[in-house]
Amino acid sequence: MIDIRQLTKRFGSFTAVDGVSFGVQRGEVLGFLGPNGAGKSTTMKMVTGFLSPTSGTAVVGGHDVVNEPLKVKEKIGYLPEGAPAYPEMTPEGFLGFVAEARGLRGAAKRKRIGELVGMVHLEGVMRQPIETLSKGYKRRVGLAAALMHDPEVLIMDEPTDGLDPNQKHEVRTLISSMAPSKAIVLSTHILEEVEAVCTRAVIISRGRVVADGTPAELQARSRFHNAVSVRVRIADGAAAAAKAELARLAGVASVEELGTPNGQASFTVFPRDGKAIVGEVSQLVRAKGWEVDELRVETGRLDEVFREITAPAAAASGKGGAA
Amino acid sequence: MKAMLAVFKRELGAYFVTPVAYVFIVIFLLLTGVFTFAEDLGAFYERGQADLRSFFLFHPWLYLFLIPAVSMRLWAEERKQGTLELLLTLPIPMWAAVAGKFLAAWAFAGIALALTFPLWITVNYLGSPDNGVIAAGYIGSFLMAGAYLAVGSCISATTRNQVVAFVVTVVVCFAFLLAGFGPVMGFIGSWAPASVVDAVSSMSFLTRFDSIGKGVVDARDIAFFVSVIALFLFGTAAVVETKKGG
């Protein structure tokens, strides 16, 4: 549905987006990640036809955004960053305007607005000026506007930014429910969101794509992938010995001790080459007769992968405190 | 076309959901009334003529301050609120957005102008004026308002600050007025040949408006205002297009 080809945007001598390419199919929810200023919003603004690319293009639903921007705009539902809306208008008036701009009139318009109001729960605020609404409601108004024409392609710039946990959950549920029939791109820097709703993640840094894969694939790049966290009760002073025992196992690369409060010792055991080591660890624990409070296999930590990819220096220096 | 209508409707509605429309209309009517009837200004009664000359006389100067107040928000507000991105990612062609906004502002100015009708009734009650001349005056005034608005639209597109848009628009419109103002023409005539004076004054809103207001609706005067409007609307579209990023 979306095919981004070598998209580039320069502002003067500054290159905001530098040869970004990726595609999104129907049924995919693509999480578009990157630190602030990495070029996420600029990329989205080009795909939606707001900014013209310096070079490269994006093809949406078979239409080239450079040559046929209006056709592309008809295909896309777009929620810009911060969900801008005319503050003096009521949601009723605003959604009416968006409906008319998208060619809906009369009964069809009223019917569609009615559906959207139910979908994003705007009942009760339809006649209040948008400027008096809470952030959550404003975001819902923006979402309703983006969904007006039931678009095949939905692009959202930080859809859950600034919402409370309940509102975030609501928005994510809505996104997941729409996922099968649409191609969805959402930008975020909240990594839990990627794990929660995305089928794929693209990370960009300084205008370039630096990673592209499923959230699980990205997690597998973490040094925590398949690491084992174990918390055992052992006598004071025995922690060092236990750590040495763990480190001696064949598949183990290193062991980190996370402290020994109240006679409990916590370790994170890192495998060699990302292999599963939980069997070895639990055997050792049983052989030694340690009393286990917790034994858990880590899937990997997206935030750590994210930091490593987008800011290698910072991640390296922060390694010790990664837990 | 449908998209333009949607923009037009929204934009016109926006004037009336805020106090802007009401404040503007009340002040416009008050000032036209004061200027028309005041002994030292329009001297409507003292002149003893059944016409609306004293009413139209001050329109160019009244518009100088009131019209930029209408046009300043056209694009600067969209930029400030971030709604420009929303507007331009809807399937609305650029011309439709520019024209829809402009026509809404023009219609609004037209409504304010139309609400001066009691004056027309008064003058018809008091005497028997030449209603053709009065109609020409209204046409001229409306066209001139359009020209001011088009200039204002273009300047509003360059900034996100409405105050800046207002001040710059006043200055630019002032220049368009002064070009046909007696003392200025005299000054230019003191060092430039008559052809230059004519060329400059032919660019003036004041000259064109006066000529229409005399009751002679000349196609050239109408063409002048229409061209100014078209030119500045093209300018608006170009400015919006190039300044989207900032």
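1. Among contacts in chain B between residues at least 6 apart in sequence, 79% join residues at least 24 apart; two residues are in contact if their C-beta atoms, placed from the backbone, lie within 7 Å. In chain A, residues 24 or more positions apart account for 68% of the contacts with a separation of 6 or more.

2. The model is a predicted one, in which local features need pLDDT of at least 70 and side-chain atom pairs count only at pLDDT 80 or more, while totals for chains, interfaces and linings use all residues. Residues are numbered from 1 along each chain as its sequence is written, and chains are lettered from A and ligands numbered from 1 in the order in which they are written.

3. Chain B contains 15 helices and zero strands, whereas chain A contains twelve helices and 14 strands. Helices (H or I, at least four residues) and strands (E, at least two) are DSSP runs, numbered from the N terminus.

4. The C-alpha trace of chain B spans about 55 × 45 × 30 Å along its principal axes, and that of chain A about 75 × 45 × 30 Å. The radius of gyration of chain B is 19 Å, which agrees with the value near 18 Å that a compact globule of 246 residues would have. This radius is taken over C-alpha atoms, and the globule rule is 2.2 Å times the number of residues to the power 0.38.

5. Of the 246 residues of chain B, 43% count as buried; for the 323 residues of chain A the share is 44%. A residue is buried if 20 or more other C-beta atoms, placed from the backbone, lie within 10 Å of its own, exposed if 12 or fewer, and partly exposed in between.

6. The contact between the chains takes 21 residues from chain B and 24 residues from chain A. On the side of chain B, the elements that give two or more residues are α1 (2-17) and α7 (83-88), and α1(B) supplies the largest share, seven residues. By class, this side of chain B has ten nonpolar, seven polar and four charged residues. Here Ala, Val, Leu, Ile, Met, Phe, Trp, Tyr, Cys and Pro count as nonpolar, Asp, Glu, Lys and Arg as charged, and the others, Gly among them, as polar.

7. Helix α1 (residues 40-47) of chain A is mostly covered, with eight of its eight residues buried. Among them are Lys40(A), Lys45(A) and Val47(A). Gly49(A), which follows α1(A), has a positive phi, near 85 degrees.

8. Helix α3(A) is largely enclosed by the rest of the structure, because ten of its eleven residues are buried. The buried residues include Phe97(A) and Glu100(A). They pack against α4 (106-120) and α5 of chain A together with α1 of chain B. Gly103(A) follows α3(A) and has a positive phi, near 85 degrees.

9. The axes of α3 (residues 91-101) and α5 (residues 135-146) of chain A come within 9 Å and cross at roughly 25 degrees. The two helices are therefore roughly parallel, a term for angles under 35 degrees. Axes are lines fitted to C-alpha atoms, for helices over the stretch in contact, and angles run from 0 to 180 degrees between N-to-C directions. In this pair, Pro91(A), Phe94(A), Leu95(A) and Val98(A) of α3(A) meet Val141(A), Ala144(A) and Ala145(A) of α5(A). The residues of this contact divide into seven nonpolar, no polar and no charged.

Terms used. Angles under 35 degrees count as roughly parallel, over 145 as roughly antiparallel, 65 to 115 as roughly perpendicular and the rest as oblique.
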